[in-house]
Amino acid sequence: MSKITQIEHPLILHKLAIIRSKETGSKDFRELVEEVAMLMAYEVTRDLPLEEVEIETPICKTKTKMLAGKKVAIVPILRAGLGMVDGMLKLIPAAKVGHIGMYRNEETLKPVEYFCKLPQDIQEREIIVTDPMLATGGSAIDAIQALKKRGAKNIRLMCLVAAPEGLKAVAEEHPDVNIYVAAIDEKLNEHGYIVPGLGDAGDRLFGTK
């Protein structure tokens, strides 16, 4: 089964509390989502492989550790996942960025794919899928399936807030995908929104309704 990691660092929890507040405007919301994504990236990338290399300091030659050439791709689920990309890129500037467009049919609550653009060598990359909210899990399940259809093998899912129902659904459908979240909330309501959640992340990021 998927390994589910809840990252409960004090700085993340503090910033997430402000993100949740209905009084937080789009500018602050965007900045905080970016900051939390950057902080979460430390844990998400904890097991990237290292290799020993020799360098020369101003004093002498020495052996030290560097990333072992493992290529990374960040793939946000449009549109809300975009808010997490810049924070990730601050730590992993060489990462390529793909995009998967999904929208939720408000009657069936099922996701519909409308766009997919990925690096050509996606099958060789360690992929981090980003989406602030994991509600029913439908969009994440379909986005991961779209990646696998295109040859992706090493996939991680990174979300700010998750409902237990969404975590269970993704873990059952994609047991090979590890999931990283900042908070696991109480439940989904009758409209498929996370409770207490933070509202519609896309609308709050971009100032739409």
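Before anything else I wrote down the cut-offs: buried means under 20% relative accessible area, exposed means over 50%, and partly exposed is what lies in between. I also noted that this is a predicted model.

**Entry on arginine 150.** Because arginine 150 sits in the loop between α4 and β10 while glutamate 113 belongs to strand β7, the pair ties together parts that are 37 residues apart in sequence. Glutamate 113 is likewise partly exposed, at 38%.

**Entry on other salt bridges.** I noted that the structure holds 14 salt bridges. One of them joins glutamate 34 to lysine 90, whose closest N and O atoms are 2.7 Å apart; it links helix α2 with helix α3, and so parts 56 residues apart in sequence. Lysine 90 counts as exposed, at 55% relative accessibility.

For glutamate 126 and arginine 156 I read 2.9 Å between the closest N and O atoms of their salt bridge, which ties strand β8 to strand β10. Both of these residues are buried. I also found a network of salt bridges linking Lys71, Asp121, Glu124 and Arg125.

**Entry on threonine 24.** Is threonine 24 buried or exposed? I found a relative accessible area of 13%, so threonine 24 is buried, although it lies in the loop between α1 and α2. Leaving out residues up to four places away in sequence, threonine 24 touches Ile18, Phe29, Leu32 and Arg204.

Methods:
Residues numbered from 1 in each chain as written. Predicted model: local features only at pLDDT ≥ 70, side-chain atom pairs only at ≥ 80, totals over all residues. Heavy atoms only, no water. Helix = DSSP H or I, 4+ residues; strand = E, 2+ residues; numbered from the N terminus. Buried < 20%, exposed > 50% of the residue type's maximum accessible area, 1.4 Å probe, protein only. Contact = heavy atoms within 4.5 Å. Salt bridge = Lys/Arg side-chain N within 4 Å of Asp/Glu carboxyl O.
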